[in-house]
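I opened this entry to look up how the chain is packed. I wanted the overall figures before going to single residues.

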Amino acid sequence: MSFAPPPDAPPYPATPDQENQDEETSTAAYAEILSFQWCFGFNKDLPVLNLSINKTKKIFFVSAQIGVMYDFANNRQQLLIGHRNNITSCCVSHDKRWLCTADSGRDCTIIIWDTITGLPNQTYFDVLNGTGTVAFSTDAKYLATLSQQSPQIISIWDWTAENDKPLCALELKREYSNQHYLQFNPLITTVHRIQDNAVTQLRYNHSANYIAVGYADGKLTICDALSLESVLQAPFHYAKAAIHLIEFSNTSDYLATAEEDFTISVYRQNLNSEEIYTFLGRYRAHYKPIRALFFGFTIDDNQPILTAVGADRILAEYDLNESEIDHLVLKPSTRIEQIAEPMSACYYPASLTQESFLVTVNNEYKYKLYNADTKMCRKTILGPTFGSPIRKIGILPKLDENSNEEYVYFMTTDKIGLQRLPLTGNPFDQMAIIAHPNRVSDIRASYDGKYLFTSGGLDNCVHMLSVNPQVLQAQAQLGGKDLIPFYKLLEGGREGEIFREMQELFYYSQLRYQDIHRFDRREISAKIPLSEIPFVMRALGYYPTEQEIEEMINEVKFSTYIDTKTYVEDIDLNDFIKLYINHRPAFGLNPADLTHAFNVLSDQLNSNNGQPEIYRENLLCLLQQYGEHINDYEMAEFNNEYKYKLYNADTKMCRKTILGPTFGSPIRKIGILPKLDENSNKEYVYFMTTDKIGLQRLPLTGNPFDQMAIIAHPNRVSDIRASYDGKYLFTSGGLDNCVHMLSVNPQVLQAQAQLGGKDLIPFYKLLEGGREGEIFREMQELFYYSQLRYQDIHRFDRREISAKIPLSEIPFVMRALGYYPTEQEIEEMINEVKFSTYIDTKTYVEDIDLNDFIKLYINHRPAFGLNPADLTHAFNVLSDQLNSNNGQPEIYRENLLCLLQQYGEHINDYEMAECLANLLNLNHETTEMFDTMNATKNKSIKLKNKRE
């Protein structure tokens, strides 16, 4: 159910003279063109409220920006529509009569609804810092709100009074941290406070005669395992923060701790002293939390080393043999991940390979094997996907020394599990069970590998579990051999579309590698060269980074080197399937990651909608200076200019360019709406942008009154589909876990188009100043001048002046108006007019009148004009040095000419000289300037000459 606007507010523009309407005002006014009918899915982070009163059986839940009162007895939904952003909090009064919903973001609101009628009773607009939580008083007279954004403000509202301001408000101090809960007359609760000397870590040494104890204040003591008495005269207190990891070396010669301030402290055993351990040194090699700490030995000389892996993706090694008291030696550090965050690490069992490996697990559900010496990533393997990434791994001690079976145990947020080695990516080689529903805080194995011990942290429980690897072996056998388990990880399995596409791409890849334009006989095999791997991966929808490509190729290239001393140079389909499954994202590309990345890169907020934005030149600069290089041409391939384009389905010639909807972001998907009436000649296209969906009349003309849009999902619309009869549109929100069902009412759009005006009236509104503005007058004058120019401006006889200009004059008039199309765009414009009537008349159009030119200009020019910053950035990219006097970028003239002649659309010396003569207002003839292009020094031209 939706609610119409007040009677005095028309649902669409009242007159065609209303110009430059605000986007949000327009979309709100047109809401009845698409009206929400049903919502599927709900926000799992907000409560489902019971609204049942007497015989009324209702519940309330939130679906994106819409509140839903669901009468489950009669299967009816009443939709509470009024928020622009996703609803962030809700509550109901004690008597269930009043319901409050609130959101956070631009134009945020608080709305109190009557649960009987479903109508809003009170609305507060533009609430400071948004709303994170709300609560009614017991008598429902007062409403308390707590803002979501910092600084948090708690406000008390008398919502029954005619006042748009709170009765009182208090800003919470930052030291209280971020609060998420609010309640009137709360019950007394017990707050447990961790004391400064609380124990944070316990660790036995390998011989089980000592226990190392770490404290929250950074102290460390060592106790006798039997008497629990300290063997130290006084606790060590070198750490400045809480200890969260403790590790002994295998022989207990060394002890290391990792603290919460990202530092590592190392102690050396000293049996000849009263103090059993001596402080060796403390080092901070990380700038984020340390995730793994373990001892090992160097490959060459078997000397002890300490390895630490941090959330900052750094692997740091400490040379303990070279370290002295107060001098802890740090070996060169290695960045082991490009994007993912390591969660844990350990040494890979030596019995499984001749090569020494470190194994890590990251937050992208992947294991990675690194050569312990070179730190080269040798293999990437898909890990367990049991709800959350693995947080810790360890090698299970062998149950039978004569067995060659090895296992790794792991823990996620709430589960623990076991996985067979070697790691292959086979999903049947792993299993997990829920250990602690709230959270598993740690996991350890007994010395004999028969038991696993887990601690729950929040539940104050420790569990002891017996290990039965035979069940896992049986599961792996039942899962199938060879590629059978991997086929199940492909959408559709071995009979699905992905597998068939892989086979076709394998064949095509060989043709591509051997030059697809050859006509002689090619040699086709069952393998493709390693250099073709990234192309096939991209064709399958996985776009690896340059580092990921290098890791994939190295994984195959060195796969048999230890045994054969030769490199692998190609890959067959079976191995490629495993490579693809192990390397592709475990759950596809997450739109939230792209949103977060853009928010990090953005340098300001849009003044209209408060959303993050970044200037194009700044984005290009970031992409070129940081991470993996991307050039301007590659960036341009992803650009969207708010345009529709019609292509001939046979020749693929661009036959028409039309200005599309400009509702905040480019269109991301379009579809043709099925006809509501088969006898009608009316057709419509539906579309979606980032957060909106809309409808547009066909044929496409560029008329802004032929289109409309409403906010469907404030965070992001992930997809849109139409029902088979065209009566409904369905949208999914992705991040909000909601699906909306909207009824389609095209008659409102037809009425809007009629009110917008006929012929050129809608297009005049898209010109600066309209029909009475300077642009329109300039067009008229340029049309007249263009005819003079075409007929030779130096003629003195009578000329024939008409209302049309030849097609060849179009680019000159466009440039005179400030729009500089490329040669391809000029060709598309001319072809658009030339072939506009060919199907009907079999003749070409050779000229164009002013009315058609105005439409052509509006549809082809940039939707938001030419940005001067783009020109500045282009010159900065082309420039090869800075001016020694003012520090501004500059470029030698010869270099600029060379670039203009070699790249992009060709420009010759004569054209360049003519451009410079016009730009610099030189009185010389163009030919004279052309003759001086290679002069030693020309003071009139500001571009420097190399010989100066």
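**Packing notes**

I began with contacts between residues at least 6 apart in sequence in the protein chain, and found that 47% of them join residues at least 24 apart. The model is a predicted one.

The protein chain has 948 residues, of which 44% are buried. I listed 22 helices and 53 strands in it.

Next I looked up the nonpolar cores. The largest one holds 28 residues, and Leu767, Met779, Ile810, Phe853, Ile854 and Tyr857 have the most contacts inside it. I noted five helices that each supply at least two residues of this core: α13 (761–764), α14 (774–790), α15 (810–816), α16 (823–834) and α18. Of the contributions to this core, that of α18 is the most, at six residues. Apart from this core I found another, of 27 residues, which includes Leu530, Tyr542, Tyr580 and Ile581.

With its neighbours within four places in sequence left aside, Met779 is in contact with Leu767, Leu817, Leu850, Phe853, Ile854 and Tyr857.

Last, I asked why α18 is largely enclosed by the rest of the structure. Helix α18 covers residues 850–860, and it is largely enclosed because eight of its eleven residues are buried. I wrote these down as Leu850, Phe853, Ile854, Leu856, Tyr857, Ile858, Asn859 and His860.

How values were computed: Residues numbered from 1 in each chain as written. Predicted model: local features only at pLDDT ≥ 70, side-chain atom pairs only at ≥ 80, totals over all residues. Heavy atoms only, no water. Buried < 20%, exposed > 50% of the residue type's maximum accessible area, 1.4 Å probe, protein only. Helix = DSSP H or I, 4+ residues; strand = E, 2+ residues; numbered from the N terminus. Contact = heavy atoms within 4.5 Å. Core = buried A, V, L, I, M, F, W, Y, C linked by side-chain atoms within 4.5 Å.
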